[in-house]
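This briefing is for a reader who is new to the structure shown below.

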Amino acid sequence: MTGKVDARGAFELDESQRMLADTVYELSRRHVAPRAAAIDENDEYPEDIFQLLKSHGLLGLYVPEAYGGAGLGILETCVAIEQMARFCSNSPLFFSVHLLATRPVAIGGSEEQKKTYLTGVARGELRPAFSLTEPHAGSDAANISTRAVRDGDSWVINGQKCYCTGSSVADFITVAAKTEPDKGAKGISFFIVPRGAFRVGRHERKMGMRGIPTCEVFLENARVPLENMIGEQGLGFKTAMLGFNQARPAIGARGVGLAQGCLDYASAYAREREAFGKPIAQHQAVQFMLADMFMETEAARLLVYRAASMVDNGDYRKEHVHFICAAKCYATDTAMKAAVDGVQVLGGAGYMMDHPLERFMRDAKQLQIIEGTNQIQRMVIAQNLLSL
Ligand SMILES: Cc1cc2nc3c(=O)[nH]c(=O)nc-3n(C[C@H](O)[C@H](O)[C@H](O)COP(=O)(O)OP(=O)(O)OC[C@H]3O[C@@H](n4cnc5c(N)ncnc54)[C@H](O)[C@@H]3O)c2cc1C
């Protein structure tokens, strides 16, 4: 589904998209906002939020109806993520981690895999995780060392993964491994590795984005049937890159929501807090910070909605990717700046855990790093521009 683009190129959501935004905003205000600080402070897995999304049929927003989902697009998924991220950065991971982890199956999977895994995720019966990163291969993802070797009617996978979000609660992980190590990126394939076949190691102690665990994953002679390879052998890296292109607007949407949350909170505080005999909202220095937050958040939102619409229209290949990278990069840089300025608007109170802005500041940093650091996004944008 696409949003409406008017003659001047301004972007507007249609009525059903606005209703979705209102519904998720209201659910988040009532149920997510009161939980956000405790999820962060206690590093607490938000099972209640998972159940909330499941009971409202929101987990499968982007999954086709044929596989038990709502059959909506990446745009609607971004709209939902944005509203939730205004209050909490952890809860929207049930959209964005699941979206990324299911991309290899959605793009390259067999009908059988789609029926099992997309349906399971849409119904909230299966929880997925995505594992590409290794201790020595993050940005340079084609340099992974994990190996998959065919043995009769199985693949046997060996390797060490790191920073795998959701792995300790995952029913299955989509794992990248090399089947033909001498072929570089073209030797990488993706596999569905079910719980029981992988071992979860250390739970990382994170600066922010707490609640959904990020862990080491060990594949020690992990044996999976031949049919657990996703798509054709050697096409895994290409599929993963296309998957990132589809999923990146969702990271941008987390940034837009976080920035909007900072603006909402800082504006309300500035109207109440007085200094020098008047509300700080009447001091121009504070007004300018809020005005910048507004401008940048609006710009980021438009970039994200446009990128999401491009994905929904099928425009997410290499030649379009600078638009998608621009949305992820700008929206997450905006989130970081809005969080830093939000803390500043609150002064000393902003530094304290009694207010959410220090949490937003810690959470925003992660968005500039994941699914391709913002340096890598800039590199890809420049490469496309210069070769166009
Ligand atoms: C909280 C969290 C959750 C994560 N969850 C997952 C997950 O679920 N699954 C998963 O597979 N991964 C996950 N990751 C990993 C994440 O995708 C990587 O951390 C990221 O891709 C960067 O890789 P790296 O950490 O190895 O950094 P490096 O690649 O070592 O980069 C270090 C620095 O060098 C810069 N750099 C590297 N190469 C270049 C270049 N060519 N040009 C310019 N600058 C460059 C980077 O921008 C960065 O600033 C997660 C990470 C975090 C922090």
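A residue counts as near a molecule if its C-beta atom, placed from the backbone, lies within 6 Å of it. The model described here is predicted. Its protein chain is divided into domain 1 (4–122), domain 2 (128–233) and domain 3 (237–387).

**Ligand surroundings**

- There are 21 residues around the ligand, and G138, S139, T165, T373 and Q375 come nearest.
- Both domain 2 (128–233) and domain 3 (237–387) give residues to the shell around the ligand, so the ligand lies between these two domains.
- At least two residues of the shell come from each of β3 (128–131), β5 (154–165) and α10 (374–387).
- Sorted by class, the shell holds 10 polar, 9 nonpolar and 2 charged residues.

**Contact between domain 1 and domain 3**

- The C-alpha centres of domain 1 and domain 3 are 18 Å apart.
- Domain 1 puts 26 residues into the contact, and domain 3 puts in 29 residues.
- On the side of domain 1 that touches domain 3, the elements giving two or more residues are α1 (15–41), α3 (74–85) and α4 (93–108).
- Helix α3 gives the largest share of that side, with 9 residues.
- That side of domain 1 is made up of 16 nonpolar, 6 polar and 4 charged residues.

**Nonpolar core**

- In soluble globular proteins, nonpolar side chains tend to be buried together.
- Here the largest nonpolar core has 116 residues.
- The residues with the most contacts inside this core are C78, I157, F191, V193, C262, V304 and A339.
- Helix α6 (residues 236–272) supplies the largest share of the core, 16 residues.
- Leaving aside residues up to four places away in sequence, C262 touches M293, A338, A339, G342, L357 and F360.

**Strand β6**

- Strand β6 (residues 172–178) is mostly covered, with 7 of its 7 residues buried.
- In a regular strand the side chains alternate between the two faces of the sheet.
- In β6, F172, T174, A176 and K178 point one way, while I173, V175 and A177 point the other way, and all are buried.
- Strands β3 and β6 run parallel and are joined by 4 bridges.
- S131 has V175 of β6 as its bridge partner.
- With strand β7 (residues 188–194), β6 pairs in the antiparallel sense over 7 bridges.

Key
Residues are numbered from 1 along each chain as its sequence is written. This is a predicted model: local features need pLDDT of at least 70, side-chain atom pairs count only at pLDDT 80 or more; totals for chains, interfaces and linings use all residues. A nonpolar core is a set of buried Ala, Val, Leu, Ile, Met, Phe, Trp, Tyr and Cys residues joined through C-beta atoms within 7 Å. A residue is buried if 20 or more other C-beta atoms lie within 10 Å of its own, exposed if 12 or fewer, and partly exposed in between; C-beta atoms are placed from the backbone. Two residues are in contact if their C-beta atoms, placed from the backbone, lie within 7 Å. Domain bounds come from an automatic or database domain assignment. Ala, Val, Leu, Ile, Met, Phe, Trp, Tyr, Cys and Pro count as nonpolar, Asp, Glu, Lys and Arg as charged, and the others, Gly among them, as polar. Two strands pair if DSSP finds at least two bridges between them.
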